[in-house]
There are 2 protein chains.
Amino acid sequence: MSTVAVGEGSPFGPANLPYGVFSTPGGAPRVGVRVGDTVVDLSVLLGDAVFAAPSLNPFMAQGPDRWRRVRERVAAAVRGDVPDEAQHPVRDVRLHLPFEVADYVDFYASEHHAANLGRLFRPDSEPLMPNWKHLPVGYHGRAGTVVVSGTDVVRPCGQRKAPDEADPTYGPSRRLDIEAELGFVVGVGSPLGARIGVDSFADHVFGAVLVNDWSARDLQAWEYVPLGPHLGKSFATSVSPWVVPLAALQAARIPLPGQDPRPLPYLRGREDWGLDVEMVVEWNGEEVSRPPYRHMYWSPAQMLAHLTVNGASARTGDLFASGTVSGPERHQRGAFIELTWGGREPVTVKGEERAFLQDGDEVTISATAPGPDGTRIGFGEVTGTIRPAYAPK
Amino acid sequence: MSTVAVGEGSPFGPANLPYGVFSTPGGAPRVGVRVGDTVVDLSVLLGDAVFAAPSLNPFMAQGPDRWRRVRERVAAAVRGDVPDEAQHPVRDVRLHLPFEVADYVDFYASEHHAANLGRLFRPDSEPLMPNWKHLPVGYHGRAGTVVVSGTDVVRPCGQRKAPDEADPTYGPSRRLDIEAELGFVVGVGSPLGARIGVDSFADHVFGAVLVNDWSARDLQAWEYVPLGPHLGKSFATSVSPWVVPLAALQAARIPLPGQDPRPLPYLRGREDWGLDVEMVVEWNGEEVSRPPYRHMYWSPAQMLAHLTVNGASARTGDLFASGTVSGPERHQRGAFIELTWGGREPVTVKGEERAFLQDGDEVTISATAPGPDGTRIGFGEVTGTIRPAYAPK
């Protein structure tokens with residue numbers, strides 16, 4: 001038995017306690033909690049089979065009372081001594097996709113992002129569509145291609161057609177981009193025909209992850225009318241390995257920046273679910289953007305209420321993401337197509353000019369949020385490196 | 001032991017042998033094959049644990065050589081005697097969702113449907129988007145709300161705004177519709193970064209089902225720009241309980257009606273995967289439409305090749321559907337919004353006028369296709385009844 005070391009100012013102190021799935025050499029994937037630079041093996045600490053599972057889904061399905069009790073027990077344990085066999089240095093473990101993704105929905109909840117993309121994709125129209133301030137616009141993405149941070153991203157091939165070209169051509173994407181987002185993981189679902197009210201958010205949502213919704217802008221621009229993005233997004237979506245429980249985000253909750261017109265009643269909550277999360281985007285190790293989540297127009301509670309208001313069921317493992325987080329300033333934009341204004345205003349990264357991603361480039365998104373007593377809690381990071389496209393047939 | 005009775009001209013003769021998941025009172029769901037009006041229990045007939053599973057997924061994952069051998073064994077068994085304990089009258093069993101749906105993608109492969117919808121949704125523009133003849137347009141739907149035939153459909157609530165209204169209102173959909181489609185089920189997936197070539201279709205796809213992609217047109221019309229349909233579709237998608245194996249569709253294969261412009265090389269197959277499937281749509285028991293699948297512009301082999309050309313992985317249980325099947329004639333339209341031209345030309349159903357679905361209405365889609373020697377094989381049916389919306393909050 002020994003205490004778990006937590007450095008002064010660590011973003012993984014006892015007020016955070018994010019959950020993940022890890023393995024040690026020769027061992028099976030199992031559930032752990034990150035404390036400082038240590039992974040605490042919950043299957044050993046709590047001796048419960050639910051934590052020997054290779055995903056968080058069985059635990060997440062147990063519901064908010066159980067989440068609260070486990071969090072209290074883990075917090076008490078790390079204030080005292082933890083068995084040495086339950087402690088693994090984070091650098092010695094492999095981190096896996098923390099949950100099995102059921103359905104994945106991607107929203108579009110930043111007014112700055114939606115307006116920027118509108119200007120770039122539809123320069124002759126109003127930047128925001130008429131529906132945008134009435135409902136959180138979103139669409140289903142590909143659950144099967146959600147991967148854990150660190151997974152390489154192979155440059156996708158597909159069809160693209162520049163406005164001045166007569167016909168589309170096939171080949172590797174030339175406008176490969178990122179979208180820095182926050183994702184929310186459903187623990188307790190809802191049956192078909194029911195709905196999750198806007199004030200029931202915390203009864204259903206287990207926690208939050210960082211998301212990089214890799215985007216091939218040239219594929220997307222050609223394919224997306226009228227049924228929305230498909231191959232421009234479906235090749236990979238990366239998530240951080242640590243799921244920060246909602247309970248750790250209490251000090252980060254703030255009012256939304258303001259909604260005008262007033263949303264319909266099913267979208268009006270009594271509770272604040274704006275979140276003061278500060279994100280950082282690094283391109284090949286150089287910071288290029290600091291997207292502030294506090295500017296997001298729609299809250300995650302509104303997203304979930306909208307998602308189920310038609311009676312769609314929700315399942316344990318459903319992931320819904322915010323859409324790109326972009327603030328009002330240029331250095332707050334969470335996608336490179338915005339940051340470089342369609343590629344026309346490149347940025348300098350480690351002395352090289354960049355508009356979109358080149359093979360070998362690495363992008364890392366990290367985030368922190370206020371914790372109790374002036375501390376900050378961390379989401380860790382979601383990172384990925386671009387590999388060359390396979391030779392097209 | 002006894003022979004399995006198959007009536008003269010049964011669409012479930014020994015050339016069909018579709019797979020499903022069934023249960024008898026007090027028994028667990030398991031895999032069966034339909035022969036005439038009998039369900040043959042494969043867990044008893046073949047004594048293999050893979051057929052004791054509650055879904056086809058484990059069997060589908062075993063691949064095409066195994067599918068062929070099992071089909072041969074079942075065909076041989078039903079030509080001779082089958083143990084009585086393996087035979088259940090289909091009226092005495094409960095039929096379940098036959099496979100666990102991994103990801104669900106809905107295409108838009110009928111030129112007649114896409115053009116009709118374009119005229120109805122965007123009357124001031126060209127009916128077909130510029131991309132439509134270059135790629136099979138599709139989008140991800142909600143896998144978690146795919147339900148088996150016979151499941152009631154609760155009328156969805158949501159936001160809708162007529163063109164002459166200033167603001168959206170919330171309430172039950174007033175334009176509830178169907179989409180008669182064929183769906184294809186992936187048995188053998190492909191890893192991330194790989195692709196499934198257009199001529200590898202039969203190495204990956206296990207079989208086909210009927211699909212009713214229930215659609216709330218008022219919700220869809222308001223929400224779908226710019227990211228595509230979401231709540232207008234996500235409340236329920238019904239599939240038939242029997243998966244017709246590709247091997248049973250050999251006699252139904254025909255050339256596509258013709259593609260101009262010639263598709264890019266990755267969409268050019270050597271094999272014909274047009275399908276001469278005849279669908280019938282019944283509204284409260286009265287036939288209202290006969291959508292012919294042979295007019296579809298894009299083949300399912302092209303859909304799967306497109307779906308994975310960006311390196312997206314495929315999984316056992318992935319479902320991709322054709323989109324509404326509509327032919328050139330009015331009585332061949334597979335969605336009521338087309339059949340009634342946006343509700344302006346109602347149809348008479350059992351003496352009552354109908355434009356969209358009313359509470360209590362039942363829709364049944366069935367289909368047959370050519371089998372060997374002038375026979376026909378059947379898909380069975382996908383049916384559902386509309387239940388009233390829950391009182392909106």
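**The interface between the domains**

Reply: At this interface, 18 residues of domain 1 of chain A are in contact (heavy atoms within 4.5 Å) with 18 residues of domain 2 of chain A. The model is predicted: local features need pLDDT of at least 70 and side-chain atom pairs pLDDT 80 or more, while totals for chains, interfaces and linings use all residues. Residues are numbered from 1 along each chain as its sequence is written, chains are lettered from A in the order in which they are written, and side-chain values use heavy atoms, with hydrogens and water left out.

The domain assignment, automatic or from a database, gives domain 1 as 19–96 and domain 2 as 104–387 of chain A. Their C-alpha centres lie 28 Å apart. Together the two domains bury about 1400 Å², 75% of it on carbon and sulfur atoms; buried area is the accessible area (1.4 Å probe) that two parts lose on being put together, summed over both. Of the area that domain 1 buries against domain 2, A:Tyr19, A:Met60 and A:Trp67 supply 40%, more than any other three residues.

The count of salt bridges between the domains is zero, a salt bridge being a side-chain nitrogen of Lys or Arg within 4 Å of a carboxyl oxygen of Asp or Glu. On the side of domain 1 that touches domain 2, the residues divide into 11 nonpolar, five polar and two charged; here Ala, Val, Leu, Ile, Met, Phe, Trp, Tyr, Cys and Pro count as nonpolar, Asp, Glu, Lys and Arg as charged, and the others, Gly among them, as polar.
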